[in-house]
Amino acid sequence: ADVFDPVNPHPGQTLGLEVSNGPGGGLRLERMSIQAPDASVRLWRDHGGRLEATRGRAEVYVTPKLVAGVVNGSLYLSLVGAGVAPAEAAKITSLFGRNVDLVRDVQSGDRFRLVFDRRVGPGGRPLGAAQLVFGELRTTAGPATLYRVGETYVAGEFGPGRSLLLRTPIDTARITSNFGMRLHPILGYTRMHEGVDFGAPVGSPVYAAGDGVVEEARWAGGYGRWLKIRHTQGLETAYAHLSAWAAGIRPGARVRQGQVVGYVGATGLATGPHLHYEVIEAGRPIDPRAAALAKAEVPSNAAKAAFRARKAMIDAMIAPLKAG
């Protein structure tokens, strides 16, 4: 009991026993081992016959797992179809969205490869959720790669830094209306369209385009369910016609780039389900496609060197998995 909870063991733990013939014809315990998720516990008899117990590190093996597939319409849905959990698929899609235009660059027929790091205990039992260590998306615009470095993900050649805003805040393949003057499809007269509309099914996840603070999460008339996020460098982004806000999204809440903040809908004045997306600079709406989005961070030479070492290690690990 000093090194292990014998009252509440977890089902599935491996128990090993070694016994001998004891006095009176019964069995005598000589050694025992328990492989817990986070430790290896051993019990044995010393030369005087007394039982001693020790607790050590669990016998853990790390094995890579490859998930590969072809994009069919939506990158997010294609990842889910390949067996990636929905929450992880949304995260991976937003990570690629930092450097890839999910609307213009990603097309059906593009291919993806993902490598997850699995921690496995005795008997092949998974220990915790697998973590993405490498991602590759091959598009008509060129390949995009991701490498896990610590708790963050870095583009393949490290690049000039992480973009302040995502290229697109949604995984879809259809722009239904561009920025600029247009004939309003419901009101019937021409007026300025201050954003870009992305057609997508109801419930499709909408990602925060960048780190920031929620300014507004409210009903806004013709915009329906409306969300506005304040970023650095005088930038704001807005998302309209949402079917719902994500859990925890309220004024004052802090959000991270790529976090799911809402879901596509058709609330307010809308002819069908879509996301209306705006980028606002110094209080003035600008074209999200043409905006010269600043870089949030520039890696130091030390960070570049650390990344190169990490990249070489991951490349060596996944080389056998990339064949074919």
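**Nonpolar patch**

I began with the surface and found a nonpolar patch of about 430 Å², made by Leu15, Leu17, Val19 and Leu27. Patches here are made of residues with over 30% relative accessible area and no salt bridge, with nonpolar side chains (Val, Leu, Ile, Met, Phe, Trp, Tyr) joined within 5 Å and like charges within 9 Å. Accessible areas come from the Shrake-Rupley method with a 1.4 Å probe, and for residues only the protein chains shown count as cover.

I noted for myself that this is a predicted model, where local features need pLDDT of at least 70 and side-chain atom pairs count only at pLDDT 80 or more, while totals for chains, interfaces and linings use all residues. Residues are numbered from 1 along each chain as its sequence is written, and side-chain values use heavy atoms, with hydrogens and water left out.

Which strand gives the largest share of the nonpolar patch? I traced three residues to strand S1 (residues 14–21). Strands (E, at least two residues) and helices (H or I, at least four) are DSSP runs, numbered from the N terminus. I looked up valine 19, which has its place in S1. Valine 19 is partly exposed, at a relative accessible area of 45%; buried would be under 20% and exposed over 50%, with partly exposed in between (1.4 Å probe, protein chains only).

**Salt bridges**

Next I went through the charged pairs and got nine salt bridges in the structure. The term needs a side-chain nitrogen of Lys or Arg within 4 Å of a carboxyl oxygen of Asp or Glu. I wrote down a few of them.

- Arginine 28 bridges to glutamate 30, with 3.1 Å between the closest N and O atoms; arginine 28 is partly exposed at 32%.
- Aspartate 46 and arginine 50 meet at 3.4 Å, N to O, and arginine 50 is exposed at 57%.
- Glutamate 136 and arginine 138 meet at 3.2 Å, N to O.

Shared partners join Arg113, Glu136 and Arg138 into one salt-bridge network.

I then checked helix H2 (residues 86–96), which is mostly covered, with eight of its 11 residues buried. Among the buried ones are Glu88, Ile92, Leu95 and Phe96.

Alanine 82 sits in the loop between helix H1 (75–81) and H2. I have alanine 82 down as partly exposed, at 30%. What does alanine 82 touch, leaving out residues up to four places away in sequence? I found Val67 and Phe112, where contact means heavy atoms within 4.5 Å. I also noted that alanine 82 and glycine 69 are 13 residues apart in sequence, with their C-alpha atoms 6.4 Å apart.

Arginine 148 belongs to strand S8 (residues 142–149). I see arginine 148 is buried, at 6% relative accessible area. Beyond four places in sequence, arginine 148 touches Gln131, Leu132, Val133, Tyr153, Arg310 and Ile314.

I counted up the ring pairs too: the structure holds four aromatic pairs. Why is the pair of tyrosine 147 and phenylalanine 307 called edge-to-face? I read off ring centres 5.9 Å apart and planes at 80°, so the pair is edge-to-face. Rings of Phe, Tyr and Trp (its six-membered ring) pair if their centres lie within 6.5 Å; planes under 30 degrees apart count as stacked, over 60 as edge-to-face and the rest as tilted.

This pair links distant parts of the chain, 160 residues apart, with tyrosine 147 in strand S8 and phenylalanine 307 in helix H3 (residues 301–322). I noted that tyrosine 147 is buried at 4% and phenylalanine 307 is buried at 3%.

Another aromatic pair, tyrosine 239 with tyrosine 277, is tilted, at 5.6 Å centre to centre and 40° between the planes. I placed tyrosine 239 in strand S17 (residues 235–245) and tyrosine 277 in strand S20 (residues 274–281), so this pair ties together parts 38 residues apart in sequence. Tyrosine 239 is buried at 0%, and tyrosine 277 is buried at 2%.

I also found Phe134, Tyr147 and Phe307 in one aromatic cluster.

My last entry is a charge over a ring: the charged end of arginine 225 sits over the ring of tryptophan 245, 5.9 Å from its centre. That label requires NZ of Lys or CZ of Arg within 6 Å of the ring centre and within 35 degrees of the ring normal.
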